[in-house]
Amino acid sequence: MDLIYERNLQPMKLVALKGTRQDQAVLDLATRLGISRQQMRKILIKGCDMMILENLGSRLEAADAASADDAVIDALSLPHLTAATCLLSESAADEFHRRADSGTPISELLAEILEAIT
Amino acid sequence: MTLLQILKNIVRKHSIHVCYVNTGSCNGCDIEILACLSPRYDIEQYGIYVHNNPREADIILVTGTMSAQWIDKLPDIWDKVPEPKAVIVIGNCPISGCAFDRPGALIDPPVSKHIPVSAVVPGCPPRPTEIISTILNSADILFENYETKTERKP
Amino acid sequence: MKKIVDVSLPIGPVHPCFKEPARIKCETAGERVIRTEVELGYVKKGIEKIMIGRPWQEIIFLAERVCGICSVVHNTAIIGALEKISNITVPMRAMYLRIILNELDRMQSHLLANYSYCYTIEHETLAMYLLNLRETVMDAIEIMTGTRIMAAYIVPGGVRTDINREIATKICEALDHIEAELPRFVQMFATGPLIALRSKGIGILSVKDAKESGVVGPTARASGIARDAREHELLYTELGWHMIIRQDGDNFSRIMLRFDELFQSVHIIKNALAVIPEGPVRLGNRITSGRTKHTVEAPRGELTYDVELDENGQVIMISIQTPSIMNVDAGSHAMMKNLSSIADVTSTFISADPCIACAER
């Protein structure tokens, strides 16, 4: 649907992501998930609104603090994807956490998470 | 001059509706316009009303460096303003881009490239008294005998 | 934005309540606001990008023009970062003068924020009282620095000009005037029944949401989070600074917290003027290369400058973390969620004191 009052925000979102602090945050998150910076940018531009992208640095810092004391959550970077960037729903994150606890290998789950957020 | 024209001139001189549009300024000029509202300067005693609604404005005050998002929106706002209308730009940014007009910046100054400008108030930022005196002085010239003016504004 | 309800209501970018252009898209069900999205990009100039590769003498003026409302604190932050890199000592008198100017700046910013809120909830009488009081503070700033906004008063190794006894007396007179007038306005705000209807219990920011988006400044302190960069500065504690906290986290407590901080600022400036030592205000030194992170408390929260300089004094990397980024984010994702009326969207947005020019740079 073509709305009169809705504009294409993708160029502005990309400009927001190119800021020094935001760029560092994107790189950190990309390293966590094992993908390239361009792929990470594409996912974030598609899934997040502008204010989250602008505030990416401190949101990811808060997620780092939340995931510090649990190795499984840290490996899957669940707080980064749910609370910080809202890419993944809470129930899906719980499901991934439960499956990791029951013995599914982390690498397999990471691939599934990537598929879920793209 | 007809009696009606004289009456119109008097009324227009004492009822100037203003809308300010921030096209990417640092807020410095905007808060100086806000300071004009304060009882110290009391812009309303001269019959100037700050409405911030382009559809009932006579004068648009443009501040800021004309960032990329405004290039299509500012002419839209200018079209919505009913005649007679005028644009006054406040501060150095809309005139030249001020300190931001460097390679790599996401701006496109000056504002006069996009919409016709009637008066400028340089300064970074200008004082409230300068803003008020510019509005008062230019409104008299711009709106006097508007109907019978030969050269119509674009 | 995904369409989950029938009406999506855009507010802005040119709106009578906003000083700056921002666009709030509200998803509504009847009068109820389900969620909102703040759309930015109208004042993006790319200041960080144009700072790179320029000498520090140009950077201090560009940094001041990030935000016009709190220009003094941006000046303080970038100069503080430069001094930290090059180990420049500041004379004691200059440090007191910096604190005096910063607190005056905080006062005018808080008065402007509270003016905007009162104007947004259509209490124009109180708004005009506050705006008139702000002019007194602006006069004090003008007497001290020579101009109202963009003073460039703070330079590496001190401040630009000294103040004499006469100027100090005039600043004291201005503060006395504020101390005499302000309690009446606070009383009006605190006891007004209609103001309470529009402010109390609206736009609540819970501690969990606040931590998620990293809220700083008065917005965080009104939600019960003790976070203030001034607590690490010894001189502030000596001058009688203490943390002010409110627990409710609604619009009312955010505005009342700013009123409380105004009184504290008056107190700090008066103490500073009473005990300010004699001596030089400006010492010379060289700027060297290096990288540092410097945080100061702006009127809206913590402001961080991350600067790297090369040996010629040119900027290699700079990142400015302004408080408004976090506060607008919390505003859009936590405070404006599930509001009972669309009329509260603008007032809730303004109550966090958003500065779009800061947030986008």
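Among the contacts in chain A that link residues at least 6 apart in sequence, 58% join residues at least 24 apart, two residues being in contact if their C-beta atoms, placed from the backbone, lie within 7 Å. The structure is a predicted model, in which local features need pLDDT of at least 70 and side-chain atom pairs count only at pLDDT 80 or more, whereas totals for chains, interfaces and linings use all residues. Residues are numbered from 1 along each chain as its sequence is written, while chains are lettered from A and ligands numbered from 1 in the order in which they are written.

Chain A contains 9 helices and 0 strands, where helices (H or I, at least four residues) and strands (E, at least two) are DSSP runs numbered from the N terminus. The radius of gyration of chain A is 15 Å, close to the 13 Å given by the globule rule for 118 residues, so chain A is as compact as a globular protein of that length; this radius is taken over C-alpha atoms, and the rule is 2.2 Å times the number of residues to the power 0.38. The C-alpha trace of chain A spans about 50 × 35 × 20 Å along its principal axes. Of the 118 residues in chain A, 37% are buried, a residue being buried if 20 or more other C-beta atoms lie within 10 Å of its own, exposed if 12 or fewer, and partly exposed in between, with C-beta atoms placed from the backbone.

In helix H1 (residues 10–17) of chain A, the buried residues are A:Met12, A:Lys13, A:Ala16 and A:Leu17. These residues cover an arc of only 140° around the axis, which puts them on the same side of H1(A), the arc being that of the directions from the helix axis to the C-beta atoms. An α-helix has 3.6 residues a turn, so residues three or four places apart point the same way. The cover over the buried residues of H1(A) includes helix H2 (20–33), helix H3 (37–47) and helix H4 (50–54) of chain A.

Chain C has 14 helices and 8 strands. For 361 residues, a compact globule would have a radius of gyration near 21 Å, and the 21 Å of chain C agrees with this. The C-alpha trace of chain C spans about 65 × 45 × 35 Å along its principal axes, and buried residues make up 54% of the chain. Among contacts in chain C between residues at least 6 apart in sequence, 71% join residues at least 24 apart. Within helix H2 (residues 56–64) of chain C, the residues C:Trp56, C:Ile59, C:Leu62, C:Ala63 and C:Glu64 are buried, and what covers them includes helix H1 (47–51), helix H3 (71–86), strand E7 (301–309) and strand E8 (315–321) of chain C.

Helix H4 (residues 92–120) and helix H13 (residues 344–351) of chain C pack at an angle of about 175°, with their axes 9 Å apart; axes are lines fitted to C-alpha atoms, for helices over the stretch in contact, and angles run from 0 to 180 degrees between N-to-C directions. H4(C) and H13(C) are therefore roughly antiparallel to each other, given that angles under 35 degrees count as roughly parallel, over 145 as roughly antiparallel, 65 to 115 as roughly perpendicular and the rest as oblique. The contact is formed by C:Ser116, C:Tyr117 and C:Thr120 of H4(C) together with C:Thr346, C:Ser347, C:Ile350 and C:Ser351 of H13(C).

Between chains, 33 residues of chain B are in contact with 31 residues of chain C. On the side of chain B that touches chain C, H2(B) provides the largest share, 6 residues.
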